[in-house]
Every structure is written in C-alpha cells, then in structure tokens.
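Here is a short report on a few residues and their surroundings. Please look over the sequence and the model first.

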Amino acid sequence: MTEPDPDTELIGAFSSPDAKPTEWSRALEELTSAEVYWLSTVRPDGRLHVTPLLAIWLEGALYFCTGPDERKAKNLSSNRHCVLTTGQSTLEGLDLVIEGTADGVTETAELGRVASTYESKYGSHFAEPDGTWSGLADAIRRADVLVYRVAPETGFGFGKGGTFSQTRWRF
C-alpha cells in the first residue's frame, strides 16, 4: 500500500502569527518513532474509554493489538470509530491526533508484516524471552490476538515551542 498524501491546512485561529503548517513527512516520522500511543474508543453506552498502548505505523496506517476480552475490543465491536494520539507532555515538540476507523486484520501475510514491524520497533521488549511483551509477535502471527488497522481519515498536528501551530490533514 502507498503512503497517504493528505491535503494539509494550517488552522490560523489556533496558531502563532508566523506559523506554518507541519509537513506530513514530519508527522509521519513522529508516528513511526513514537513508543506510546493513546487509543480513544466509545463504550456501547456512549461513555469514552482511553487507554495507552503500543502501536506501529505500517503501509499507510497505524496498527495495534489487544485481547478479545479487553474493553477496547468490546468497544470496537460495536463502534469502530476511534482516535489514536501521541506526543510529548511538554510545551515543546509535536502532538499528533489520528482519527479513523479500526478494521480487524486477519490476512496471514499482513499479520506477519505487523509482527515483524513490532519486533523491529520495540526490540528486546518483544524479542527477548524475559521481555515485557515476549511472545506477542508470535501471537500476532498466529492470530491469537486481535489486530486492528486504522487508516487515517483526519489528522491534527499541534506544534509547540517558540511557534505554536495547529495543522489539519485530510486523507
């Protein structure tokens, strides 16, 4: 799959006077290298649920996994719309928000690419026998866990520092 090429727009009302929109290439670097993401889903009764998780950027989308009994999986079974966020808890850097729809992944080759990317990105946490998530990549390959793919529909970048900016990407 090709990487998305979104329309980019600076939202001037929320940006410094000399701000420029953040290039998608910079956002993509941040999405690829971030270690922790926050997933927001909606419970069947309409209440929100937010949880931190590991994720990867691969082939134009964010991927994450979970167990079938986890709250996020239950929420996504009735409402696939979700938001993934990542960034810094400081007044410097770039915060990112990706809105999309979570689609379950079951195709063996895609699951293999997802598992390999997790192993490459998170290293010993996945690969070492005593790593925090040891065995998860193999569980992904075997489809023993639920894997979701979220292709971006709309994204936001919040640039912070000397110049503050808010960028919207439409896919």
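## Thr-154 and its contacts

Thr-154 is in contact with Val-97, Ile-98, Glu-99, Arg-168, Trp-169 and Phe-171, leaving aside its neighbours within four places in sequence. Contact here means heavy atoms within 4.5 Å. Thr-154 is found in strand 8, residues 146-160. Strands are DSSP runs of E, at least two residues, numbered from the N terminus.

Thr-154 counts as buried because its relative accessibility is 17%. Buried means under 20% relative accessible area, with a 1.4 Å probe and protein chains only.

## Basis of the model

This is a predicted model: local features need pLDDT of at least 70, side-chain atom pairs count only at pLDDT 80 or more, and totals for chains, interfaces and linings use all residues. Residues are numbered from 1 along each chain as its sequence is written, and side-chain values use heavy atoms, with hydrogens and water left out.

## Cysteines

A disulfide is a pair of cysteine sulfur atoms within 2.5 Å. By this rule the count is zero. Cys-65 is in no disulfide; its nearest cysteine sulfur, in Cys-82, is 14 Å away.

Cys-65 is buried, at 14% relative accessibility. Cys-82 is also buried, with a relative accessible area of 5%.

## Glu-59

Glu-59 sits in the loop between strand 4 (56-58) and strand 5 (61-66). Its side chain makes a polar contact of 2.5 Å with the side chain of Arg-113. A polar contact is a pair of N or O atoms within 3.5 Å; within protein, one must be able to donate a hydrogen and the other to accept it, and residues adjacent in sequence count only if both atoms are side-chain atoms.

Glu-59 and Glu-153 lie 94 residues apart in sequence and 15 Å apart in space, C-alpha to C-alpha.

Terms used: Helix = DSSP H or I, 4+ residues; strand = E, 2+ residues; numbered from the N terminus. Buried < 20%, exposed > 50% of the residue type's maximum accessible area, 1.4 Å probe, protein only.
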